[in-house]
Amino acid sequence: MSNTRRDVLFLLFGLVSSAAELEGLSSQGLSKQDDSLPSATYPFSELPMSNANGAEIRPVLKGKLATSESLEVHETTIPPGAMPHPAHHHVHSEMWLIREGTVQLTINGTSHVMGPGSVGFVHSNDEHGIKNVGTTPATYFVVAVGPGADA
């Protein structure tokens, strides 16, 4: 079954909302000492870049939401045929927003090919990996939410 971007964003919103409800948080119940990420902008020209395994990685933000979930966002560019790392799993959930190129996102052994504008979502602890299956560099954003996302 293929999810639309609207479905994935709805799932992400539900994930964040459910976590807040489970912890009994509300806008009135947040602690006075708020160490959550502030509202901000992140101009692309100011993002630092590093290289790892042939991938160009630009960290965008990392921290806690006001409702206490960990959040991490980065942009990755990988050359044709490359994978940033082997398939793996972790507690936090992840979403990929494909900006350029063609990638194959494999989730629990099932592969999905995605192009520009596509969105992929991986639930907590599902095994996943991404590979550039196109002939040009692929660029995508990763949004990680949940325990360990800001580690």
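Author: Glutamate 94 stands opposite alanine 144, a residue of strand β9. Strands are DSSP runs (E, at least two residues; helices are H or I, at least four), numbered from the N terminus. The model is predicted, so local features need pLDDT of at least 70 and side-chain atom pairs count only at pLDDT 80 or more, whereas totals for chains, interfaces and linings use all residues. Residues are numbered from 1 along each chain as its sequence is written, and side-chain values use heavy atoms, with hydrogens and water left out.

Seven bridges join β4 to β9, and these strands run antiparallel; two strands are said to pair if DSSP finds at least two bridges between them. Alanine 144 also has glutamate 72 opposite it. Strand β3 (residues 70-78) pairs with β9 in the antiparallel sense, over eight bridges. Because seven of the eight residues of β9 are buried, this strand is largely enclosed by the rest of the structure. Buried here means under 20% relative accessible area, exposed means over 50%, and partly exposed lies in between (1.4 Å probe, protein chains only).

Threonine 139 belongs to β9 and is buried, with a relative accessible area of 3%. Its side chain makes a polar contact with the side chain of threonine 77 (2.9 Å). A polar contact is a pair of N or O atoms within 3.5 Å; within protein, one must be able to donate a hydrogen and the other to accept it, and residues adjacent in sequence count only if both atoms are side-chain atoms. Leaving aside neighbours within four places in sequence, threonine 139 is in contact (heavy atoms within 4.5 Å) with Glu75, Thr76, Thr77, Ile98, Arg99 and Glu100.

Tyrosine 140 touches residues including His74, Pro84, Trp96, Val103 and Ile130, not counting those up to four places away in sequence. Tyr140 is also among the residues with the most contacts inside the largest nonpolar core, which has 14 residues. Such a core is a set of buried Ala, Val, Leu, Ile, Met, Phe, Trp, Tyr and Cys residues joined through side-chain atoms within 4.5 Å. The elements that give two or more residues to this core are β4 (93-100), β5 (103-107) and β9 (138-145). Apart from it lies another core, of nine residues, among them Met95 and Val143.

Leu105 and Ile130 are likewise among the residues with the most contacts inside the largest core, and leucine 105 stands opposite isoleucine 130 in β8. Five bridges join β5 to β8, and the two run antiparallel.
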